[in-house]
Amino acid sequence: MKPRPQPPGPQHADFEALYERHSREVWALVYARWMNADVALDIMQEAFLRLWKQWQEGGEILNPRAWLLCVARNLAEDFAKSAFRRNGTQPPQSMNGVRGHDPLPLEQLERQETFGRLRAELEKLAPPDREILTLRYGLDYNASEIADILEINPTAVHMRLSRARQRLAERLTAQGMVNVP
Amino acid sequence: MIDLRTSPTFGPSGDELDGMLRSFFRAEVPDPWPTMKAPPAVVKFQKPRRSTWLRIGPRLAIAASVGLLLVGYLALGSIFPKHEPNGGINGPTIGKNNPPRRVHTPGGREAFMWEEKTPGDRPTIIIQLQEIKGPSNR
C-alpha cells in the first residue's frame, strides 16, 4: 500500500491566513446569535475544521469567507436544536448569575451588574440587531466592512445600526439604565 | 444614567451608550485571540489496484466449471441412454385399457393378453389371457 498523493490545493499556510483574516467575524456572527463567547469560539473553530476537511477532500470552495459564515450560521442554528440536551433541564441563562466565591472590588461588581443587565436587554433584541452591534462595537468594523459581511449596502448598515441602537436605548431607558431626552 | 442626546453612529465621539456597548462587547471578545493550526493531513492509504485478469479470473473459473459440468452431463447421457422398463413411455402401463397383445405362455403356446379396469371409486384391474387357437396349436 502506498499513500495517496496529496491533492493540489490550499495548504496549511492558506488555512492559517484565512483563520487570521476571518475568524473574528465568524465568531462575531455566532456570538450575536447566542451571546455566549465560548459557544461562539467552539462553533467558529468547528466551521474552520469543516473548511479544512473540505479542502482535504478536494472540494472546491470559491468564496471561503462566505462559506465559513454560512456554515457557522447553520452550526449556530443546529446548536439551538441540541441546546436542551447540552444544558439539561437548566436553561443556560440561569448560569449567568453564578459567581465565584472570591469577593470582587466594588467597581468590578458595578460593571458586572451593568453588563449583566445590558446582556439581558441585548438578548431580547432580534439576532440581526445583535449581529450589527457585535460587528460594530466588538470588532470595531466600519460601515463598509459590515456591509461586506452582511451583504447589504453601507446605507442600510447605517440605518440598521441606528435602529438597533434606538431599540436598545428604549429598553435600557425602560430599565432606568439610560436617559433619553 | 447615560445621556443619549446626541449619538452619531459612526462619529468620532460616541456617547455613553456607545462607550458602554464598546466596553461590553470588547470584554466579550476573547483576549488573546486563540490561534488555530490546520490539523495534520490524514494520509489515506489505498489498496494496490489488481490487474484485470486477477479481478475477473475467479469469475471465469466458476463459469468454466459450470460449463464443464453441463457438457459432462450431456456426454454421459448420450453414452448411457436411459433404460425404461416395459418399453419406456410407449410401453403398456398397468391401469390403462391397453389393446390386446400377443404373448407366449410358459407352456409355449400363443395367447392374447390385455387389461381391463372396472369402473367405480375403487377400480379393479383384471388381466385377461385368451389362448389363440390356430393351426400351430393343434
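Predicted model: local features only at pLDDT ≥ 70, side-chain atom pairs only at ≥ 80, totals over all residues.
User: Thanks! What makes the contact of Glu20(A) with Arg24(A) a salt bridge?

Analyst: A salt bridge is a side-chain nitrogen of Lys or Arg within 4 Å of a carboxyl oxygen of Asp or Glu. The N to O distance for Glu20(A) and Arg24(A) is 3.8 Å, and the pair counts as a salt bridge. Over all chains, the structure holds 14 salt bridges.

User: Where do Glu20(A) and Arg24(A) lie?

Analyst: Both belong to helix 1 (residues 12-34) of chain A, four residues apart, about one turn of the helix. Helices (H or I, at least four residues) and strands (E, at least two) are DSSP runs, numbered from the N terminus.

User: Why is Arg24(A) called partly exposed?

Analyst: Buried means under 20% relative accessible area, exposed over 50%, and partly exposed in between (1.4 Å probe, protein chains only). Arg24(A) has 28% relative accessibility, so it counts as partly exposed.

User: And how do you know whether Arg65(A) and Glu25(A) are buried or exposed?

Analyst: Arg65(A) has a relative accessible area of 19%, so it is buried. Glu25(A) is at 2% relative accessibility and therefore counts as buried. The side chains of Arg65(A) and Glu25(A) meet in a salt bridge, at 2.5 Å from N to O. Arg65(A) lies in helix 3 (residues 64-87) of chain A and Glu25(A) in helix 1 of chain A, so the pair ties together parts that are 40 residues apart in sequence.

User: What joins the two chains through Arg26(B)?

Analyst: Arg26(B) forms a salt bridge with Asp140(A), with the closest N and O atoms 3.2 Å apart. Arg26(B) lies in helix 1 (residues 16-28) of chain B, and Asp140(A) in the loop between helix 5 (127-138) and helix 6 (143-150) of chain A, so the pair joins two chains. Arg26(B) is partly exposed at 39% relative accessibility, and Asp140(A) is partly exposed at 40%. Salt bridges that share partners also join Glu25(A), Arg65(A) and Asp148(A) into one network.

User: How do you know that the span of helix 4 of chain A is close to what is expected?

Analyst: The expected span of a helix is 1.5 Å times one less than its number of residues. Helix 4 (residues 106-124) of chain A has 19 residues and reaches 27 Å from its first C-alpha to its last, close to the expected 27 Å.

User: What puts the buried residues of helix 4 of chain A on the same side?

Analyst: The buried residues of helix 4 of chain A are Phe115(A), Leu118(A), Arg119(A), Glu121(A) and Leu122(A). They cover an arc (that of the directions from the helix axis to the C-beta atoms) of only 165°, which puts them on the same side of helix 4 of chain A. These buried residues pack against helix 1, helix 5 and helix 7 (154-174) of chain A together with helix 1 of chain B.

User: What is Thr114(A) in contact with?

Analyst: Contact means heavy atoms within 4.5 Å. Leaving aside neighbours within four places in sequence, Thr114(A) is in contact with Met177(A) and Met20(B). Thr114(A) and Met177(A) are 63 residues apart in sequence and 8.3 Å apart in space, C-alpha to C-alpha.

User: Why are strand 3 and strand 5 of chain B called edge strands?

Analyst: Two strands pair if DSSP finds at least two bridges between them. Four bridges join strand 3 to strand 4 of chain B, and seven join strand 4 (residues 110-117) to strand 5 of chain B. The open sheet has the order 3-4-5 (chain B), with antiparallel pairing. Strand 3 (101-104) and strand 5 (125-131) of chain B each pair on one side only, and that makes them the edge strands.

Notes:
Residues numbered from 1 in each chain as written. Chains lettered and ligands numbered in written order. Heavy atoms only, no water.
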